[in-house]
Amino acid sequence: MLVLAHVSDLHLDGSPRATERAERVRDRLWHLPGRVDALLVTGDIADHGTEEEYEEAARILGLHDGSAPFPVLTCPGNHDSRAPYRKALLGSPAADGPVNAAHVFDGGAVLMCDSSIPGSDEGELDEETYAWIEASLDGLDDGLPALLAFHHPPTPVHHPLPDSYQLHRPERLAALLERRPGIAGLLTGHAHTPAATVFAGRPLVVGPGVTWTLRLPWEGAQVADRDAPVGLAYHVLDDAGRLTSHFRTVAWGHPQVTTPGTAVSCW
């Protein structure tokens with residue numbers, strides 16, 4: 001069984017607000033009493049794609065000092081910039097090609113895919129990335145399920161803003177899924193709203209946005225709910241290859257350690 005935490009769209013911009021919200025969800029995850037195999041961060045980690053923003057992200061996520069209690073897996077979004085992302089977040093040489101990385105666990109594999117198009121808010125898995133996905137899947141042990149994680153959902157979420165900038169050529173991704181029954185599901189971000197649907201017969205789960213939550217059309221005219229609590233998701237990929245997702249919010253305040261039977265005050 002593979003257990004994954006999932007957040008998206010931190011949009012770190014150097015402001016105290018963005019920092020506090022990212023640190024709040026980090027603190028919740030870092031102090032979990034039980035096992036999580038990895039944390040997925042599905043894009044828009046930085047707001048402007050600067051090295052300073054990625055240096056802050058690396059500090060918050062414990063990417064360079066080893067403070068994270070489990071692996072932290074990332075992929076770029078449309079606000080990210082590949083060269084600074086590689087240099088300051090990953091500690092790798094700056095380069096402009098797609099940022100893809102495969103991670104193999106006992107219970108499954110996670111392929112973190114780059115759906116960003118430099119200079120555009122729209123998304124696409126390019127030729128290099130599709131070839132990499134195919135090769136990565138070919139290299140897995142027989143029967144090991146895989147999850148694909150990237151930023152842009154390949155199907156509408158029924159809000160005009162994210163639906164204007166979804167993944168290009170979703171039919172190509174659908175064809176890949178048809179050929180590859182070992183892909184157990186898709187995990188994305190971008191929409192700033194926790195959502196679950198089906199794409200090409202597979203589960204598609206959109207992780208909540210850390211920076212703000214999208215108001216859907218029937219919830220009011222204002223797009224961004226900046227007062228909504230920080231959200232996160234937990235995904236369980238079980239031994240049958242079935243994906244189950246749970247959603248949580250992290251309210252204002254600090255974690256409080258209690259013992260069984262102890263009353264808890266909330267603030």
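Q: Does Y54 count as buried or exposed, and at what relative accessibility?

A: Y54 counts as buried because its relative accessibility is 0%, where buried means under 20% relative accessible area, exposed means over 50%, and partly exposed lies in between, with a 1.4 Å probe and protein chains only. Before going further, please keep in mind that this is a predicted model, in which local features need pLDDT of at least 70, side-chain atom pairs count only at pLDDT 80 or more, and totals for chains, interfaces and linings use all residues. Residues are numbered from 1 along each chain as its sequence is written, and side-chain values use heavy atoms, with hydrogens and water left out.

A pair of aromatic rings is described by the distance of the centres and the angle of the planes. Rings of Phe, Tyr and Trp (for Trp, its six-membered ring) pair if their centres lie within 6.5 Å, and planes under 30 degrees apart count as stacked, over 60 as edge-to-face and the rest as tilted. By this rule there are two aromatic pairs. In one of them, the ring centres of W30 and F70 are 5.5 Å apart and the planes stand at 80 degrees, so the pair is edge-to-face. This pair links distant parts of the chain, since W30 belongs to helix α1 (residues 16-30) while F70 sits in the loop between α2 (51-61) and β3 (72-75), 40 residues apart; helices (H or I, at least four residues) and strands (E, at least two) are DSSP runs, numbered from the N terminus. Both W30 and F70 are buried.

The pair of Y54 and Y85 has ring centres 5.6 Å apart and planes at 75 degrees, so this pair is edge-to-face. Here too distant parts of the chain are linked, with Y54 in helix α2 and Y85 in helix α3 (residues 82-90), 31 residues apart. Y85, at 1% relative accessibility, therefore counts as buried.

As for the setting of these pairs, the protein has six helices and 13 strands, and buried residues make up 52% of its 267 residues. Among contacts (heavy atoms within 4.5 Å) with a separation of 6 or more, 67% join residues 24 or more positions apart.

The mean pLDDT, the predictor's confidence in each residue from 0 to 100, is 93 for the protein, and 94% of the residues reach 70 or more. Over residues 254-267, however, pLDDT stays under 50, and the model has eight contacts beyond four places in sequence for this stretch.
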